[in-house]
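Please read these notes with the sequence and the model open side by side. They are numbered so that each point can be checked on its own.

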Amino acid sequence: MFPRVGRGMWRAAVLTLTSSRRTPACRLLTTRDCTPPSALADAETIFSLSSGHGRCGVAVVRVSGPSSATALQCMAGLTHHLPPPRTAMLRSITDPIGKEVLDRGLVIWFPAPHSFTGEDSVEFHIHGGSAVITAVLQALGSVPGMRPAEAGEFTRRAFQAGKLGLTEVEGLGDLIHAETEAQRRQALRQMSGDLGRLYQDWSHRLKRCLAHVEAFIDFSEDELIEDGVLNQVDTSVSCLRAEMEQHLKDERKGERLRSGVQVVIAGATNAGKSSLLNTLCQRPAAIVSPIAGTTRDIVETALDIGGFPVLLSDTAGLRDSSDLVEREGVRRARERVEQADLTLVVVDCAHVPTDAQQAAAFLQGHLRSVLPAQEPTDTAFPADRCLLVVNKTDLLPEGERQKLDTELRQVPGLPPVCLISCHTDEGLQDFLTLLHSSVKTLCGDPLSGGPTLTQARHRAHLQQCVAALAQYKMYRDTDLALAAEGVRLALTSLGRITGRVGAEEILDIIFKDFCIGK
Amino acid sequence: MLKKKPPVLRHFLSLVSRRANHLARQQYDVIVVGGGHAGTEAAAAAARVGAETLLVTQKINTIGALSCNPSLGGVGKGQLVREVDALDGLCGQAGDWAGIHFSILNRRKGPAVWGPRAQLDRQRYREFIQSELLSTPRLTVLEGSVEELLVTEPDTAEPGHHRVTGIRLVNGSHPISASSVILTTGTFLSGSLFMGQTTSPGGRIGDAPSSAGLSHTLRERLGLRTGRLRTGTPPRIVKDSVDLSLAQIHPADSHPTPFSFLNKHTRCKPEEQLPCYLTSTTPGVERVVRESLHLNHHIHEDTKGPRYCPSIESRVLRFPGRSHQVWLEPEGVTSDLLYPQGLSMTMPPDLQLRLIREIPALHRAEIYTPGYGVQYDFVCPTQLSPALQVKSTQGLFLAGQINGTTGYEEAAAQGLWAGVNAARCAFDLPPLALSRTESYIGVLVDDLVSRGVTEPYRMFTSRAEFRTSLRPDNADLRLTLKGFEEVGCVSPLRYQEAVRVRDSLQDALSALQTLTLSTHKWRQKLPDVCISENKNTTVSGVELLQYNDASFEMLASAFPESLSSYLEFSQRLKIEAVYKPHCDMQRKEIERIQKEENMSLPQDIDYLSLPVSLSQEVREILDRVRPSTLGAATRLQGITPAAVVNLLRYVRNTEQKERRTHRNQPHRKEEREEREEELCARKASLPQ
């Protein structure tokens, strides 16, 4: 039975603590932006990746709270029933909105009170790739009533439900301490940068807004506090809202910078994809052989390309195969390409026709077969999402290589092209420069322009903050208490990133800014 | 209905008889020292709960005196008055009896922050409080000065722990013993009065200073940490000497709103209300302040004064070159004086006159009594439990300014709560605490005992996190039912009324909820309400009431058969409907906090040697503050999440141990039940 919490279980709790901060929740609030503010507080069901980050075979995503059953049903395709309690079941895990299959894995249903937290809980055991994890977490975030867990929240719920005995909990304080210590150091690191300055500035401005509204509420009847104070708050609040919304529109550049750009190598069998991976990571990470179909599964490796983190995946060559294992490999390859930030399409130069026109048609057809289906009207391939790598140029005579290079550059509608040889490293430097600039575009330059969001958790809190500021505007003229409540909620949300704000702090600003006396 | 007051003569007679009567008695359940706002509420509450109570005050005729401003309520403070009234305290009804100018402050800012306020007739307020106290069963009033607080020697098992046994009066041969003593000495604890360069001992002009013995006992014998605070009061001005045509008139509300949930009307008729006047300072005022600084001792002292009720001296020094508001407030129906709110000052009297004459409306004004400053000791309130009992001394309770607060309402609220708990302590019942999630009283007490004070503490609505749920309109629903059922400080009459109100509101809200129509139908029924044309859903009556321009009266006239019987609650229903979504949203957070507050931390923990992992810094904070619940501990500055978890573990551990012990001693609970029964029987046998 599950609730026997032993040392091993305890380790799972530890992982929850360390990982939940990073839970992406990008969709969580976009689906809620238009709902009334009351929906924000109803988010009682929490989810988080409970296993470690980084490459691993299996990842465990844990869900706890009253909407767990709903989440399980709509993501595991169980419309009218739930699986038997505490029994692993192999299901396709689908996105509840888009309905596409995200992964196939084990689901386990733990009805209350027989779960780690004492609440209804679900565990998803999925494949450990970060794309799959991200997709599943995003899908969970789109289920109504769900939000990413706060650090330590699973453990806290378990504790409150009396699920953790005294011996098991031994050391919990030190653990959370370590956690907060790490958080503090991390926050410090982050907070000393531009991003920190930006959030601190917002927090400071919000505090002043709240202080001025509170001063108007608590003192204006007795004191000379002009109505102009509120007009200033109106301007500040709409400015802040606009700035936050702009900040949120960064297309996840910062998060990508933080968790790595997903770069996938794809192409036909024996084009030299694994060789490219090995060349890039400068070690034999993937098995290379002249036999077509050597790579069956995804081979992942983390790289640093000019200072940007890249998660490079080598995939099985795309071809129709009767081999079951290879077919699964091809399916995974296609899936990975769909989730990629950047795809490197590798072509054996021997397959490229020598005639320029034929070559262009061949390559366009090839790209279409490798890349996910585009909109029919969209003939051009997005330059920032794809690079064409023509490999094995060492097999071409020098003159032909030059000719091919010049010709391909003139073909309209092709993504950037690179001619390389993994064998002789010819053209590799140019390729790296091109790869670097693509990755840089995807991440955004952290040194220029506004700082970007680096954590999905920050995104969720900022979105709540923006929604709460809308409440200010909604009630500004009818009920100042409720309008102030909006600013207060906004400050609380922002405070989850920058630190707590207490009533005394607000009063200090009031007394600094106004001459208050009966 | 307003209570009919006994004639003044009769009540003084009864006073004399009570004093004689008392002489035979040397034993009480509860003794209250001080007859101010805290003391009167404390004595009345203890007696309501069933305790044989003695109120000791220096002068019986200053009981219920308004030492400073002649007003009650306001933003934040009005909420406290409503809550004290909801628990059957005195100040709300006294305000309705004595009020001569009623207004709801913040009328345009939303019902959660409305501030019921009234100017009071000082004479009527005192009369009401005195006659109310003297007709309270089980309450004896005694004129006298306390020489000494009697406490036991420290417990050998628990060093530093005492138990209060009673008091000894100045010139009193016999001690008067009691199980609980409540000190509500206001500004009298080592109080000194300041005017210009002269200083004299005392807590209020015209009254004798209190005995030094009391502060000696608190500091030296009980080892309580004290601090020093200051406050002040403005000169009183002769009304006839003021040129009111140069000030701006501010009339009262045309329909006075009573403080008390029991009153439908105020004693003062709407047309009888007196106006207030607004004027402001001139550069001349600032000049006089600067010129008189060297003659003004009070202003040089380092002690902390209230930031939000500063003297005119600190106002012009902190914000120079500005004009400051001065309100001229009536002191009573027959009074010849005006109270200049905003002109609290401590300079020599001749300069006070020069200063006020710099204000146009006061250019020929005469001063009746000059303003003065007061400095006094307060006991750092972190040494108290949420029941307002001194943690190290069983049976000793403190309330009011002695805890570092300012204001009548803050004092009254603490007095009531200390009175309830002092009586419970005398009956050996466990203490009760009000949560900050359910009342401003809870916010006040929690702020005091868990954070302490650095300046006189005043209530603001911004101190209450759950302000939108803790509204002045619903104080009865929040507290009266609990006050009767759990606390026992509420009369059956008030309880029945609160039950009627609750049931009616519930019925009305469910009637509104079931009244669901399409927006199209609503537009037909209520053409005056702007319901968006492109909205095409069904809307319930509750949702419809959330529209700005919709009122319950409109709905009731459209659906008279189902709604017209609730017309008396029109305003409350409108407020309930508008705040419903926000209160629902807050409820989850409130539940979380209550869960934490339900985990109490034993008061006898030795934090410095507790065998759990805590940093030295955290140990010291916990040792100093001794939070009574885990919730209070989490709100302390410098307490890490790790420390909270460790404490949680400790609490669980002790709870388990206690459960084991309880199993071995089952008679304990029965004993407590017996005491509760005895108390009920005792109350029932006495006239209400």
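This is a predicted model: local features need pLDDT of at least 70, side-chain atom pairs count only at pLDDT 80 or more; totals for chains, interfaces and linings use all residues.

1. Two strands count as paired if DSSP finds at least two bridges between them. Helices (H or I, at least four residues) and strands (E, at least two) are DSSP runs, numbered from the N terminus. By that rule β3(B) and β5(B) are joined by 3 bridges and run antiparallel.

2. Residues are numbered from 1 along each chain as its sequence is written, chains are lettered from A and ligands numbered from 1 in the order in which they are written, and side-chain values use heavy atoms, with hydrogens and water left out.

3. The sheet in chain B is open and has 3 strands, in the order β3-β5-β4, with antiparallel pairing. β3 (71–73) and β4 (99–105) of chain B are its edges; each has a single partner strand, so one side of each lacks a neighbour in the sheet. From one strand to the next, the twist averages 20°. Angles run from 0 to 180 degrees between N-to-C directions, and axes are lines fitted to C-alpha atoms, for helices over the stretch in contact.

4. β4(B) pairs with β5 (residues 115–120) of chain B in the antiparallel sense, over 6 bridges. L105(B) has G115(B) as its bridge partner in β5(B), and F102(B) stands opposite A118(B).

5. Is β5(B) buried or exposed? Buried means under 20% relative accessible area, exposed over 50%, and partly exposed in between (1.4 Å probe, protein chains only). For β5(B), 6 of the 6 residues are buried, so the strand is largely enclosed by the rest of the structure. Both of its faces are covered, with G115(B), R117(B) and Q119(B) buried on one side and P116(B), A118(B) and L120(B) buried on the other.

6. Helix α4 (residues 91–98) of chain B lies across β3, β4 and β5 of chain B and runs at about 115° to β4(B).

7. Cysteines: the whole structure has 0 disulfides over all chains, a disulfide being a pair of cysteine sulfur atoms within 2.5 Å. For C489(B), the nearest cysteine sulfur is that of C91(B), 13 Å away. C489(B) counts as buried at 1% relative accessibility, and C583(B) is also buried, with a relative accessible area of 14%.

8. Chain A contains 19 helices and 12 strands. Of its 518 residues, 53% are buried. Contact means heavy atoms within 4.5 Å; among the chain A contacts with a separation of 6 or more, 70% come from residues 24 or more positions apart.

9. Helix α10 (residues 228–248) of chain A has 21 residues, which at 1.5 Å a residue should span 30 Å, and its end C-alpha atoms are 30 Å apart, in agreement. The expected span is 1.5 Å times one less than the number of residues. Buried residues in α10(A) include V229(A), V233(A), V237(A), L240(A) and M244(A).

10. S493(A) sits in helix α18 (residues 480–498) of chain A and is buried, at a relative accessible area of 7%. Leaving aside neighbours within four places in sequence, S493(A) is in contact with H461(A), Q464(A) and C465(A).
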